[in-house]
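I opened my notebook today to look around a new structure. Come along and check each entry with me as I go.

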Amino acid sequence: MVFSQALLGAVASSGAADPFTAFGGIITQYVDSGTTYRCHTFRGGPAKFYVASGSADVDILCIAGGGGGGGGHPTASYYGGGSGGGAGGMRTHSAQTLTAGTHTVTVGTGSAGSDSDTGSGNDSSFAISGGSTLTSDAGAGGKYINNGNGASGGSGSGGGGHGTTTGGAGNVSGVSPVEGYAGGDSGANASAPAEAGGGGGAGGVGGNGAVSGVGGGGGIGRAGMGIGETDRTYAGGGGGGGSSGGAGGSGIGGSTRPAGDKAQGGVPNTGSGGGGNGGHSGTASDENRKGGDGSAGIVIIRYDTG
C-alpha cells in the first residue's frame, strides 16, 4: 500500500489536461487492486473542500453525530434504566461530480449524555457549490428511566426502562438505502431492576431489554470506506441501561458501565451512540447518573487519481 498524509495540502491527480486539484482536510492516498485513491477526511466542525481546477467524480461518506445515552434513576427502587443513544445516519453518495469551487463540509457533533433525557446529535452534510446538499440525520438521544418511548433520528434511541416503552424510529428522512435503524424496546418490567432498550445502529435495530434486568445491546454498525484500503465500521448504537447493562453495537457504540459510574461514550468520529446509564442504589453525583456521550461523525471524500 502507498500511504501519505498531509493537512490542508494541494494534491493534483495525474494524467489529465486540466488535473483535479483539491485542498482540505487530512489527505491520504492508497492503492487498491491497482487503482490509486485519494481521500480527504474531515473530523470536526464546519470546513471547506476547495477544488482549484479540473473536475472529478467522487464518493462521499457522510456520517452524522450520535445521540448520547439517557440518565439513570438515583434510588434503589427505580434502579437503572437509561436507554441507549441512536447512531448518526450513515450515507454514501457515489459518483458525485465536483468542479472548481468551494464546497462546504459540516461534521455533526455527538450529544453529551445526560442525567435525564438526552438531546439528539447533530447532522453532517456536504454542500456542493451551486448544487445540492447531501445530509445525514443525527442520532436520537436516549431516554431517562420511566420517561417514555425512544426518540427518532438517523437511528432511533431505545425505550426508557421501568415500564413498557418502545424504541424510536430510524431513517427519519426515508432515504434508500436506509441510513439507520430503530432503537430497541424496554424489558416491560414494572419494578426494579428496570432495563432499557439499546439504540439503533446503521446496520441493525437496537436490542430489547430483558425482563431479567439486562439492558438491550446497541444496534450493529455498518462498514464503509476509511482512509486506507481497509473498510472501517461506523455508527454503532449505544447499549441500554439495567442492572446488567447492554453492550455497545459492534464494539464502537457506548456500553453501560457498572452501577454508580457514568456510561461509556461512542468511539470518536464513528457517529456512534452513547450507552444508557445503569443507575445506582443510594447516593451518587449527577455525573455518575449520566449516559455516555454520543460521538462526532465524519465526512470522507474519495476519488480515483487516474
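Here are my entries, from the whole chain down to single pairs of residues.

**Entry 1: the whole chain.** I noted that this is a predicted model. I looked up the secondary structure and found 12 strands and zero helices in the protein chain. Then I asked what share of the 306 residues counts as buried. The value is 55%. I also looked up the accessible surface, which comes to about 10700 Å², with 48% of that belonging to carbon and sulfur atoms. Among contacts with a separation of 6 or more, 61% are between residues 24 or more positions apart.

**Entry 2: aromatic pairs.** I found five aromatic pairs in the structure. I started with Phe23 and Tyr50, whose ring centres are 5.6 Å apart.

Next I turned to Phe42 and Phe49. Their ring centres are 6.5 Å apart and their planes meet at 85 degrees, so I wrote down edge-to-face. Are these two buried or exposed? Both Phe42 and Phe49 are buried. With Phe126, they form one aromatic cluster.

**Entry 3: Arg302 and its partners.** I counted two salt bridges. One of them joins Asp59 to Arg302, with the closest N and O atoms 3.3 Å apart. Asp59 is in strand β6 and Arg302 in strand β12, 243 residues apart, so I marked this as a link between distant parts of the chain. How accessible is Arg302? Its relative accessible area is 19%, so it counts as buried, and Asp59 is buried at 19% too. I also saw that the charged end of Arg302 sits over the ring of Tyr37, 4.8 Å from the ring centre.

**Entry 4: Lys143 and Asp117.** In this salt bridge the closest N and O atoms are 3.6 Å apart. I asked where the two residues lie. Lys143 is in the loop between β9 and β10, and Asp117 is in the loop between β7 and β8, 26 residues apart. Lys143 is buried, with a relative accessible area of 18%, whereas Asp117 is partly exposed at 31%.

Methods: Residues numbered from 1 in each chain as written. Predicted model: local features only at pLDDT ≥ 70, side-chain atom pairs only at ≥ 80, totals over all residues. Heavy atoms only, no water. Phe/Tyr/Trp six-rings, centres within 6.5 Å; stacked < 30°, edge-to-face > 60°. Buried < 20%, exposed > 50% of the residue type's maximum accessible area, 1.4 Å probe, protein only. Lys NZ or Arg CZ within 6 Å of the ring centre and 35° of its normal. Helix = DSSP H or I, 4+ residues; strand = E, 2+ residues; numbered from the N terminus. Contact = heavy atoms within 4.5 Å. Areas by Shrake-Rupley, 256 points an atom, 1.4 Å probe, with all protein chains shown as cover. Salt bridge = Lys/Arg side-chain N within 4 Å of Asp/Glu carboxyl O.
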